[in-house]
Amino acid sequence: MKSVSTKQLSIANAAKKYPHEPLTVLHPNLDLHWLWEASLRVRKNSASGVDGQTYADYEEGRRERLEALLTKAKDGSYRAPPVKRKYIPKDGGEQRGIGIPTLEDKILQRAVVMLLEPIYEEEFHDFSFGFRLRKSPHQALEYIYSQCYEQQVAYVLDVDLRKYFDTIDHGHLREILRRRVGDGVVTRLIDKWLKAGVWENGSVHYPEAGSPQGGVISPLLSNIYLHTVLDDWYVRDIRPHLKGKSYLVRYADDFVMGFANKADAESMLAALTARFAEYGLQIHPEKTRLVRFERPGRPANAGEKPETFDCSGSLRARSCRFARNLGFTHYWGKSRKGNSVVKRKTSGKRLRRTLGAIKEWGWKHRHLPLKEQQEQINRKLVGHYAYYGITGNSRSLGEVHYQVKRLWRKWLGRRNRDGPMNWKAFGQLLVNYPLTLPRIVHPYRKYAPSETMI
């Protein structure tokens, strides 16, 4: 029996061999072994859908359940159940709606994702980073960093799509999928997920647009859609006709574009508006902006202070939603040798969110034993460093470490009958219960642009 990885390699080879034709024989790979592997890739602690079934429930008689699921998927009798709608809080007091499919639906969607990924990974461009195999947010950050130099970027276009996942046009999506996927079993399943209703407050409604709410397959479908609508269009029809250099970097539905020429950036915004409207998408006029991000001291802007590529959401600077979602601010600073270089730091919004979460946890658990408090706080610090520990971000990491120390001292003071603990006593406590020091986890390569490069 061929392994899943061997079958995926065969699919990838077929995609390479027939780059402009739909692959019509995919479902034979979808067997019991394939579904079993898909079930192992589903999160065991994920929330249950409308049927209330958990992963532990499904493990009892899993083989028989998967055999029945496979039969229904192949003969067309499978019915996609409605997706349970839940809401989670967002910054600013808003709420974001998420969908929770049933466990069996998650398994089948994962199985189809495993069929489609080998096809589209052959087509996706290197500047697309979200929800992809062997791609990460830190690779996206490094790409932005290097492209600012290589493409002589002076202007950054930050584009915000209004409710992208809810507005994907089903007709266009089906048409795009048909170009590469001609297997009836697979397309029928995707069509059922697109038509699956959303269960909320005891009733079901059926959206006419959007990707499957919360579905395992939703990120891949959204990537496929924007690959055609944006990425391929930019590479094939736009970039060759620009006056100056440019770049595009996309992370799921968030993207930024850099330009050496301001006229290119302005014409690009107009072209994007028309292109997205053709595919049922809208650019948010208030959140989309053009930021001047050229190197300080250039003859063209001598005496002018460049706008910051500030992705912290600060009212004092234009913000970039894309990199804010990645959690870093990009700005021009000085190297140790005094040269102007692009730097990155934790965005103010993310820093406040981190400290706010730790503060909330601390007040609720300030009566725990010291050792347990120390271990929990250090886990949170290590997790923060694991993501934000990039080259050049030491100051922000140090700020988090210092503020957490201040918070811990306050918590301990509240349970001290003698009043707040002074810093000397707290310093002695830290000798026995030290907090993990900041460290650089992602040492990005040193990029040394020449003086004539930008």
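Predicted model: local features only at pLDDT ≥ 70, side-chain atom pairs only at ≥ 80, totals over all residues.
Helix α16 spans residues 423-432. Its buried residues are F426, L429 and L430. They lie on the same side of α16, because they cover an arc of only 100° around the axis. The opposite face is made up differently. Turned away from the buried side, it carries the exposed residues K424, Q428, V431 and N432. The N-terminal end of α16 is capped by N422. A side-chain oxygen of N422 lies 3.2 Å from the backbone nitrogen of K424.

T102 sits in the loop between β2 (95-100) and α5 (103-120). T102 has a relative accessible area of 4%. It is therefore buried, as the cut-off for this class is under 20%. Neighbours within four places in sequence aside, T102 is in contact with G49, V50, D51 and P81.

One of these contacts, V50, belongs to the loop between α2 (32-40) and α3 (55-59). V50 has a relative accessibility of 36%, so it counts as partly exposed. That class runs between 20% and 50%. V50 also contributes to a nonpolar patch on the surface.

Note on methods: Residues numbered from 1 in each chain as written. Heavy atoms only, no water. Patch = residues over 30% accessible without salt bridge, like charges linked within 9 Å, V, L, I, M, F, W, Y side chains within 5 Å. Areas by Shrake-Rupley, 256 points an atom, 1.4 Å probe, with all protein chains shown as cover. Salt bridge = Lys/Arg side-chain N within 4 Å of Asp/Glu carboxyl O. Helix = DSSP H or I, 4+ residues; strand = E, 2+ residues; numbered from the N terminus. Buried < 20%, exposed > 50% of the residue type's maximum accessible area, 1.4 Å probe, protein only. Arc of directions from axis to C-beta. Polar contact = N/O pair within 3.5 Å; in protein donor to acceptor, adjacent residues only side chain to side chain. Contact = heavy atoms within 4.5 Å.
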